[in-house]
Each structure stands twice: as structure tokens, then as C-alpha cells.
Amino acid sequence: MSKPFIALLLISPLIVFSQKDTIKIINGSFEDKPQISASSILNWYDCGRINFPLESPPDIHPGKYFDKDRKEFREYWDNNLPASDKSTYLGMVVRDNGTYESVSQRLDGVLEAGECYSFTIHIARAPKYVSMSHVTKELTNYTTPAVFRIWGGLGFCNERELLAESSAVSNDSWQIFKFEIKPKSTVRSITFQAFYKTPVLLPYNGNILIDGASHILKVPCAGEIAVNKSNLPPHKRKKNPTPSSSSSSTKKSSQDTPVIVSANTNAKPKIMTELNRATIKQGQIIEIKKLEFAADTSSISKASYEVLEELYVFMAANKDIIIEIGGHTNNVPSESYCDKLSTSRAKAVAEYLVNRGVSSEKIQFKGYGKRKPIADNKTVIGRQKNQRVEIKILSV
């Protein structure tokens with residue numbers, strides 16, 4: 001091998017990474033074959049191989065296996081939450097023997113020291129995650145709330161700098177967690193980790209579920225003026241057109257910025273009359289009426305923005321209220337299809353509200369598929385009633 005070629009190999013790692021406004025997360029929805037203790041996860045490296053080689057790796061949900069003792073099919077660890085994004089997601093645990101799970105990925109660019117970045121991910125806790133305790137050697141439910149950590153480093157599983165940490169994850173439905181990241185040093189790899197809520201006297205058994213990780217976007221730091229709008233998150237790059245706009249846009253996905261039609265409650269009756277702070281109660285379920293989607297998609301119709309704006313105005317005026325947005329379908333398609341469609345529609349509503357400015361901490365979302373009908377599926381009218389999106393008041 002010639003010396004010039006050797007020199008090229010030595011310097012090439014320094015020029016692989018470029019400075020970008022968007023740092024891609026590859027397979028942020030953890031799409032892979034559902035597996036208990038996944039032997040591999042597409043585009044992700046299991047850090048347990050390094051930290052705790054005797055422990056099993058994370059799990060890819062949702063999936064089922066045949067329980068020979070019960071002679072029935074059961075969900076992995078009894079967790080039945082549908083994916084929030086696409087088909088599968090990752091389940092990670094913390095254990096009572098002091099071990100925990102994490103996965104890592106090499107970035108396609110660098111996070112620069114002193115610069116600011118924005119990142120979102122869907123996180124939930126499974127209310128049932130039944131496995132063996134490492135201390136008592138008995139079956140236990142791994143449900144004590146854990147936290148989600150983001151580490152930055154220079155290589156796989158390199159915990160050089162703690163970039164962000166969530167609050168203890170106790171929500172049993174999906175929630176959009178937003179993180180603002182400002183590295184103190186150059187970051188070339190990222191690690192997602194389940195960890196204990198500190199301070200803690202003794203390690204415990206808990207789980208977190210993660211899905212729908214966004215790309216990492218470079219944004220202005222606090223106090224800076226955004227000169228280049230491409231640095232802003234997508235939903236803030238252009239102004240919302242007015243109702244009188246002559247735009248000839250065709251059908252948009254739920255990820256696009258919707259046309260906002262302000263609800264003038266003085267001019268016409270409210271659609272969601274139940275949204276009354278004086279009468280609303282914890283646990284109350286309210287259907288979002290006049291909410292329409294393109295057939296078999298989560299693309300919200302323009303006619304629906306009026307009722308969503310009513311919901312936004314209510315949430316903006318009542319910042320202490322926490323809601324769950326629940327999607328439902330009729331019983332015609334398969335169970336997996338219904339779970340996916342109902343979740344994507346609930347997520348579309350959640351994203352609308354978050355993009356309008358409602359705190360993501362106040363909104364959870366979940367797809368119930370065809371599990372909770374409110375009418376007879378044998379009739380067209382009944383199936384139409386079952387195809388719905390509701391909000392549930394979790395906290396007042």
C-alpha cells in the first residue's frame with residue numbers, strides 16, 4: 001500500500017461528517033421484525049453488548065407469541081399498545097439489578113458545540129410489561145416510571161455528554177416529547193437510553209416505549225434572530241394562508257402545515273359545545289364532531305380545521321388541562337390495519353395542536369382500532385359512528 005493512500009485513510013474520518021441544518025435519524029420509527037430481545041435492530045446498535053453483555057437486548061413491538069402453558073397467543077410482555085408511527089417501535093427497560101437498555105446510531109453529520117437543535121420523539125409507558133425480576137426471581141410488572149435520556153458522543157454508545165432527559169414517563173398513551181439540544185462539544189453519535197428517575201435509593205423495574213423519532217434540526221438559540229428560515233422547524237417556515245387565499249394546493253398529509261381557519265364563536269354556534277371549563281370533568285370523553293379525513297388516510301380535510309381550531313382555543317385558554325386523543329375505526333378491516341389507521345389519525349390531530357402552540361406535555365394520543373365500538377357495525381350508519389376521533393379529559 002502506498003504512503004499517499006495511507007494518508008488518505010488517516011484523514012478521511014475527519015471529513016466524513018458535514019455541517020448541516022438537518023441531521024438525519026435513520027429508522028427513527030424502529031421498523032423491523034417484531035422480536036422479544038431483538039438480536040439486531042435495523043440501523044441501530046444495541047449498547048447492552050458493551051454495557052451489560054449478560055442481559056437481553058431491547059424488544060421490537062408490537063408482536064405476539066404462542067404461550068404453551070396458557071395455550072393462547074399473547075402480546076410481548078403483555079404490552080398491546082399499537083405503534084405511533086408506521087408499524088413497529090422499540091421497548092426498553094430498567095431492571096432492579098441496576099442494568100438498563102439503550103441503543104445508538106452514528107449520525108450523518110455533526111452537532112456543533114454551542115449550536116442549538118430541536119428534536120421530537122414519541123414516548124409512552126406500557127401499563128403491562130410483565131417479566132422476571134432479577135432480584136426476587138418472580139414475575140413482576142416493569143411499570144415504575146423511567147426516564148428517557150439522549151447522550152451525545154463520538155462513536156457507538158459513547159456517553160460523552162448528556163444532551164437531554166425527559167421527566168419520568170408515566171403516560172400510557174403516546175406523547176410527543178420535544179427537546180432543545182445545545183451540545184458543549186462536537187457530537188457525532190447519539191444514544192437513546194432508558195434510565196432510572198434520579199435520585200433513587202434502589203434500582204427498580206420499569207419500561208419506556210419509543211417511536212417516531214424526528215430528524216435533528218438546527219435552530220436559532222434563544223435570543224437569536226432567524227435570518228435563514230430553512231433553520232426553522234418545517235411548520236414555522238411559512239405563514240399560514242388566510243381563508244381567502246387562492247391557493248390551488250391539492251391534498252396534503254397530516255405532516256404538512258394546515259390552513260388555519262379561525263373559529264369565530266360569536267358568529268356561529270360552537271361545534272364542540274362540551275368544551276366548557278365550568279362543566280368539564282376528569283375522565284369525560286368528547287367526540288370531535290365534523291372531523292373528516294381523506295378515505296383510508298390520516299390527511300385532515302380543510303373543512304375540519306374549524307373544529308380543530310375550537311379545540312386549540314380551548315387548550316390554549318386552559319393550560320392545566322391534559323387530554324388524550326383517541327382514534328377509533330369500524331370492524332371491517334384487519335385488526336393491524338385498524339390499529340395503524342386509528343393511531344395515525346389521532347397523531348394527526350395531536351400534531352395539529354402541537355404545531356399551533358399547545359404544549360406537547362398536555363397532549364397524548366392512542367389508536368384503539370376497532371376495540372371500542374359505540375354502534376352496531378352491521379349497519380352503514382353504525383360503522384360511520386364507530387369511525388371517529390375523541391378526546392378524553394385526563395386531568396383538570
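Reply: Axes here are lines fitted to C-alpha atoms, for helices over the stretch in contact, and angles between N-to-C directions run from 0 to 180 degrees. Helices (H or I, at least four residues) and strands (E, at least two) are DSSP runs, numbered from the N terminus. The model is predicted: local features need pLDDT of at least 70, side-chain atom pairs count only at pLDDT 80 or more, and totals for chains, interfaces and linings use all residues. Residues are numbered from 1 along each chain as its sequence is written, and side-chain values use heavy atoms, with hydrogens and water left out.

Start with the helix pair. Two packed helices are described by the angle between their axes and the distance between the axes. For helix 3 (residues 305-317) and helix 4 (residues 335-356), the angle is about 60 degrees and the axes are 10 Å apart. Helix 3 and helix 4 are therefore oblique to each other. The classes are: under 35 degrees roughly parallel, over 145 roughly antiparallel, 65 to 115 roughly perpendicular, and the rest oblique. The crossing of helix 3 and helix 4 is right-handed, that is, the near helix is turned clockwise from the far one by less than a right angle.

Now the residues in that contact (heavy atoms within 4.5 Å). Helix 3 brings Tyr-305, Leu-308, Glu-309, Leu-311 and Tyr-312. Helix 4 answers with Val-349, Tyr-352, Leu-353 and Arg-356. The residues of this contact divide into 7 nonpolar, no polar and 2 charged. Ala, Val, Leu, Ile, Met, Phe, Trp, Tyr, Cys and Pro count as nonpolar, Asp, Glu, Lys and Arg as charged, and the others, Gly among them, as polar.

Step back to the chain. Its secondary structure comes to 5 helices and 20 strands. Of its 396 residues, 47% are buried. Buried means under 20% relative accessible area, exposed over 50%, and partly exposed in between (1.4 Å probe, protein chains only). Of the contacts between residues at least 6 apart in sequence, 74% join residues at least 24 apart.

Next, the strands. Strands of a sheet pair through backbone hydrogen bonds, either parallel or antiparallel. Two strands count as paired if DSSP finds at least two bridges between them. Gly-153 has Ser-189 of strand 14 as its bridge partner.

Strand 3 (residues 59-61) runs antiparallel to strand 6, with 3 bridges. His-61 is paired with Tyr-89 there. Strand 15 is also antiparallel to strand 6, with 5 bridges. Met-92 stands opposite Ile-208 in strand 15.

His-61 leads on to the backbone exceptions. Most residues other than glycine have a negative phi, and most peptide bonds are trans. The bond joining His-61 and Pro-62 is cis, with omega about -10 degrees. Pro-62 sits in the loop between strand 3 and strand 4 (64-67). Thr-198 to Pro-199 is a cis peptide bond too, with omega near -5 degrees. Asn-27 has a positive phi, near 55 degrees. At 14% relative accessibility, Asn-27 counts as buried. Asn-43 has phi near 70 degrees, also positive. With 40% relative accessibility, Asn-43 counts as partly exposed.

Pro-199 lies in the loop between strand 14 and strand 15. Lys-197 is found in that loop as well. Its relative accessibility is 40%, so Lys-197 counts as partly exposed. Leaving aside neighbours within four places in sequence, Lys-197 contacts Pro-145, Val-147, Ala-168 and Tyr-204. The C-alpha atoms of Lys-197 and Val-147 are separated by 5.8 Å, though the residues are 50 apart along the chain.
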